[in-house]
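This briefing goes through one protein chain, topic by topic. The sequence and the structure come first, and the points to check against them follow.

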Amino acid sequence: MQLEQRFDLALPPDAVWPAFHDLGLLVDCLPGAALTGPVADGRAPLRMEVKLGPITAGFEGQGTLSLDEAARRGRFEGAAADRRTQSRVKGVADFALADGPGGGTTVVVDVDYALTGALAQFSRGALVREIAGALSAQFAARLQARLAASPEGEPAPGEATAPLSAGGLLVQALKKRWAGAPDKP
């Protein structure tokens with residue numbers, strides 16, 4: 001399945017681009033995600049906790065990050081599996097930073113992924129797009145807060161990673177849609 005997400009940050013691209021070099025920072029900003037060890041040889045061990053109603057999945061796997069410095073774009077490739085549901089996910093996220101409104105940055109992310117196993121039944125187009133939009137909005141808000149807090153993007157004291165509540169994200173997105181808010185995160 002392919003998805004495109006875009007979001008704006010209030011900082012210029014030159015201030016945002018260094019954050020995309022820090023895989024730990026990016027993972028910290030993604031709800032439900034965590035590094036499970038050090039990044040070595042360009043590979044990052046990852047875990048993503050996802051909760052959808054009564055179902056909780058803990059995807060464990062690896063990812064790699066590659067960057068094109070001149071174009072301020074990059075690619076994250078990864079694969080993970082959840083032992084409990086026997087589900088697997090494999091995907092690629094290409095991202096690019098560009099000048100955004102008001103001197104800020106627009107980030108465009110193109111995701112192509114495949115989900116197999118028991119959780120694949122939740123991989124319906126409209127449902128996934130709503131969840132992805134809400135997830136992108138949360139990621140952007142966390143990244144903006146971290147970048148505004150300090151140049152190094154240090155975490156706020158006591159910040160913890162909770163499982164990604166896909167159901168909660170879907171409810172948020174649907175409320176926004178029913179209220180007549182724009183679809184953009």
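The largest nonpolar core of this predicted model has 18 residues, and F7, L9, F20, L97, V107 and L143 are the ones that touch the most other members. Strand β1, helix α2, strands β6 and β7 (105–116) and helix α3 each give two or more residues to this core. The most comes from α3, with four residues.

**Nonpolar cores**

- Another core lies apart from the largest one and has eleven residues, including V27, A44, L46 and L119.
- In soluble globular proteins, nonpolar side chains tend to be buried together.

**Aromatic pairs**

- Two aromatic pairs turn up in a search of the whole structure.
- F7 and F139 make an edge-to-face pair, with 5.8 Å from centre to centre and 70 degrees between the planes.
- This pair links distant parts of the chain, since F7 belongs to strand β1 (residues 2–9) and F139 to helix α3 (residues 125–149), 132 residues apart.
- F7 and F139 are both buried.
- F20 and F95 make a tilted pair, with 5.1 Å from centre to centre and 35 degrees between the planes.
- F20 sits in the loop between α1 (13–16) and α2 (23–29), and F95 sits in strand β6 (residues 87–99), so this pair ties together parts that are 75 residues apart in sequence.
- F20 and F95 are buried as well.

**Overall fold and surface**

- The protein has four helices and eight strands.
- Read from the N terminus, the order of elements is β-α-α-β-β-β-β-β-β-α-β-α.
- The chain has 185 residues, of which 35% count as buried.
- Among contacts with a separation of 6 or more, 56% are between residues 24 or more positions apart.

**Strand pairing and hairpins**

- Strand β3 (residues 43–52) pairs with strand β4 (residues 55–68) in the antiparallel sense, over ten bridges.
- Within this pairing, K51 has T56 of β4 as its bridge partner.
- Two residues lie between the strands in the hairpin of β3 and β4, and G53 there has a positive phi near 60 degrees.
- β4 also pairs with strand β5 (residues 73–82), again in the antiparallel sense, over nine bridges.
- Opposite L67 stands G74 in β5.
- The hairpin of β4 and β5 has four residues between the strands, and R72 takes a positive phi near 50 degrees in this hairpin.

**Residues with positive phi other than glycine**

- R72, in the loop between β4 and β5, is a residue other than glycine with a positive phi, near 50 degrees.
- Q86 is another residue other than glycine with a positive phi, near 60 degrees.
- Q86 is found in the loop between β5 and β6.
- Q86 counts as exposed because its relative accessible area is 59%, which is over the 50% cut-off.

**T85 in the loop between β5 and β6**

- T85 has its place in the loop between β5 and β6.
- T85 counts as buried because its relative accessibility is 17%, under the 20% limit.
- The side chains of T85 and D82 are joined by a polar contact of 2.6 Å.
- With neighbours within four places in sequence left aside, T85 is in contact with I55, A118 and L119.
- Of these contacts of T85, L119 is among the residues of the eleven-residue core.

**A93 in strand β6**

- A93 lies in strand β6 and is buried, with a relative accessible area of 18%.
- A93 and D110 are 17 residues apart in sequence, and their C-alpha atoms are 5.5 Å apart in space.
- Not counting residues up to four places away in sequence, A93 touches G74, R75, F76, V109, D110 and V111.
- G74, which A93 touches, is the β5 residue that L67 stands opposite.

Definitions and conventions. Residues numbered from 1 in each chain as written. Predicted model: local features only at pLDDT ≥ 70, side-chain atom pairs only at ≥ 80, totals over all residues. Heavy atoms only, no water. Buried < 20%, exposed > 50% of the residue type's maximum accessible area, 1.4 Å probe, protein only. Contact = heavy atoms within 4.5 Å. Pairing = 2+ DSSP bridges. Phe/Tyr/Trp six-rings, centres within 6.5 Å; stacked < 30°, edge-to-face > 60°. Core = buried A, V, L, I, M, F, W, Y, C linked by side-chain atoms within 4.5 Å. Polar contact = N/O pair within 3.5 Å; in protein donor to acceptor, adjacent residues only side chain to side chain.
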